[in-house]
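Thanks for coming. I will go through one structure this morning, starting with its charged pairs and ending with a sheet.

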Amino acid sequence: MQYTTVASEILAGVGGKSNINSVVHCATRLRFKLKDSSRADAQALKKNPGVIMVVESGGQFQVVIGNHVSEVYQALLQQAGLSDGDENEHQPGTQKENLLSHCIDIISGIFTPLLGILAASGILKGFLALSVVCGWLQPTSGSYMILFAASDSLFYFFPLVLGYTAGKKFGGNPFITMAIGGALVHPLMLAAFNATGQPNAAEVYFLGIPVTFINYTSSVIPVILAAWVSCRLEKGFNRVLHSSIKNFFTPLLCLAITVPATFLLIGPLAIWLSHLLATGFQLIYSAAPPIAGGVLAGIWQICVIFGLHWGLVPLMINNMSVLGYDAMLPLLLPAVMGQVGATLGVFLRTRDAKMKVLAGSAFTAGIFGITEPAVYGVTLPSKKPFVFGCVGGAIGGVIVGYSQTHVYSFGLASIFSFAQIIPTTGIDASVWGAIIGTLTALIFAAISTFFFGLPAPLAVPEIERLSQPSSITENHQGGGEVIFSPISGQLLALTNVNDTTFASGLLGAGIAIIPQSGRVVSPVNGVVASLFKTHHAIGIESDSGTEILIHVGIDTVKLEGQYFTAHVNVGDRVNIGDLLLEFDCADITAAGYDLTTPVIISNSEDYQDVLPAKGASITEQAPLLTVIR
């Protein structure tokens, strides 16, 4: 239900289904291609508690969700009536993109569906390498061979997998393009390649044209170009062929034309381009590895913010295919761990309950290579921690570049990457260089953030003084604001609420009340900012800008408004004590729902602290919370 609500609000925020050309998701964000971005309400989405950040870059409208993006994505597809991978790029009204945006959109669309399995395969390969070095497994053992097959199958049959995702992205039949990728790694073609150059090997011709056989296993660019050609042909054939025959003649013609063209022209050209890219990177990198490392690690998170990092992902995979290793991915370890260190500094320094919980979860996600929650939720809003994370990443990148560390399997830059940088000869100076550089980035960013990244917190004695009930009115006069209780009942710490979203503080700091009566009154002088259509929750914005969410009961949205009555509308002016809602305590309890009512300061991040009243119970209109500016 939580994901359904967030998905519904996101769908409205992007301008509805009619404004969506396509939507995919990566590890943490929904990536929309919209017909008209001006119809989207980015500011409203940024205020949504289920959204971390909104970024418009690379021709995409990106909504950063966090680790639950897959669940929100499925709920959004269901509500919008879309299927996974729907693409409507050629409908009227589509906005034109520049070349860079178009290329990034194509790359992200092809590789995003594979991100999880790419990382998993790379990690497994890394642990196998570590097991061999440590003597835990022998390469000739059955255990090693089975696990190696599991880790290597994706990369070995990469043309097959990329054929499918490229076909979907280019708007064609993905099974046709998958078959083309399968032809590139077919055993007959591999046998012909292995026979090339051997004594008495006969030259092979196709319609009188000599064929140059190439090993396309693990390759990237050839099948993407072949898929593009096939999809263009497919659309042309579908236009001219009669509907009675096009369902089988179109695939027939696409295969019969594209596969030979790939072996004769597209494949050799793409392989030449692949080697050119790999050689070009090596030339730039070898000229000054420390400088290359410092620059790339320093700007990497900025590229992530704007989605530009997708342009480098094919280069890393291409390096792996052509060279057998990649020098770019290890340079990203300090960039990732720099933001992790800055997040750790915020976690240790802040006294804001919501920020501490958010920083703790973001720290954990960052260790495993997912930095968006840390960047958008913790370091970037505070500015200095983000800068310290980038500087720490640059320093660590210099060290890793100087060590000329390589990675031997693809994956997310994460704690698992340390297993992936071990060469077959065993742990050497390049491995230690990566460890030292990464730890340097993390420690520098953590210490800098702790001492210089955040405003000094209130002293403990001052917090204790402010939390005394006798001073709650005095706080209002001295820069704070009193939020009065909207309900009479028993007080409950937010951390004890039987709902992880509220208990974690992600929606804001506050307190919960177990109601004694079925009425909710205004806790401040202000305006009704929001009212759920089910009337179980209401948002009030005070005259001074404090945003209060009152959520009656846990999961009561499932009642669909039954037993709730609203006495105000959105935009109504209210004063302290004005009746907002009424609800039937007995019927809601009889229906099996918990009546615990969280009272949340939604914009807690705008305040130094949010102090709850002490005691076991409270009466309506008594001082409940104090927000300290």
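A definition to begin with: a salt bridge here is a side-chain nitrogen of Lys or Arg within 4 Å of a carboxyl oxygen of Asp or Glu. Please keep in mind that this is a predicted model. How many salt bridges does a search of the whole structure find? The search finds three.

Take D152 and K125. Their closest N and O atoms are 2.7 Å apart.

Next, R519 and E620, whose side chains meet at 3.0 Å, N to O. R519 belongs to strand β10, residues 519-521, while E620 is in the loop between β19 and β20, so the pair links parts 101 residues apart in sequence. R519 is partly exposed, and its relative accessible area is 29%.

The remaining pair is R573 and D543, at 2.6 Å from N to O. Here R573 sits in strand β15, residues 573-574, and D543 in the loop between β12 and β13; the two parts tied together are 30 residues apart in sequence. With a relative accessible area of 48%, R573 is partly exposed. Why does D543 count as exposed? Because its relative accessibility is 51%, and the exposed class begins over 50%.

Now the surface. The protein has an accessible surface of about 27500 Å², and carbon and sulfur atoms account for 63% of that. One nonpolar patch on the surface consists of L269, W272, L273, L276 and L277, which together have about 470 Å² of accessible area. L276 lies in helix α11, residues 246-287, and is partly exposed at 46% relative accessible area.

As for the protein overall, it has 23 helices and 20 strands. Of its 629 residues, 51% are buried. Among contacts between residues at least 6 apart in sequence, 74% join residues at least 24 apart.

Last, the sheet. Three strands make an open, antiparallel sheet in the order β7-β20-β18. β7 (480-484) and β18 (609-612) are at the edges with a single partner strand each, so one side of each has no neighbour in the sheet. On average, neighbouring strands are turned by 20 degrees against each other, direction ignored. Between β18 and β20, residues 623-628, there are four bridges, and V610 stands opposite V627 in β20.

Technical notes. Residues numbered from 1 in each chain as written. Predicted model: local features only at pLDDT ≥ 70, side-chain atom pairs only at ≥ 80, totals over all residues. Heavy atoms only, no water. Pairing = 2+ DSSP bridges. Axes fitted to C-alpha atoms, helices over the stretch in contact; angles between N-to-C directions. Buried < 20%, exposed > 50% of the residue type's maximum accessible area, 1.4 Å probe, protein only. Contact = heavy atoms within 4.5 Å. Areas by Shrake-Rupley, 256 points an atom, 1.4 Å probe, with all protein chains shown as cover. Patch = residues over 30% accessible without salt bridge, like charges linked within 9 Å, V, L, I, M, F, W, Y side chains within 5 Å.
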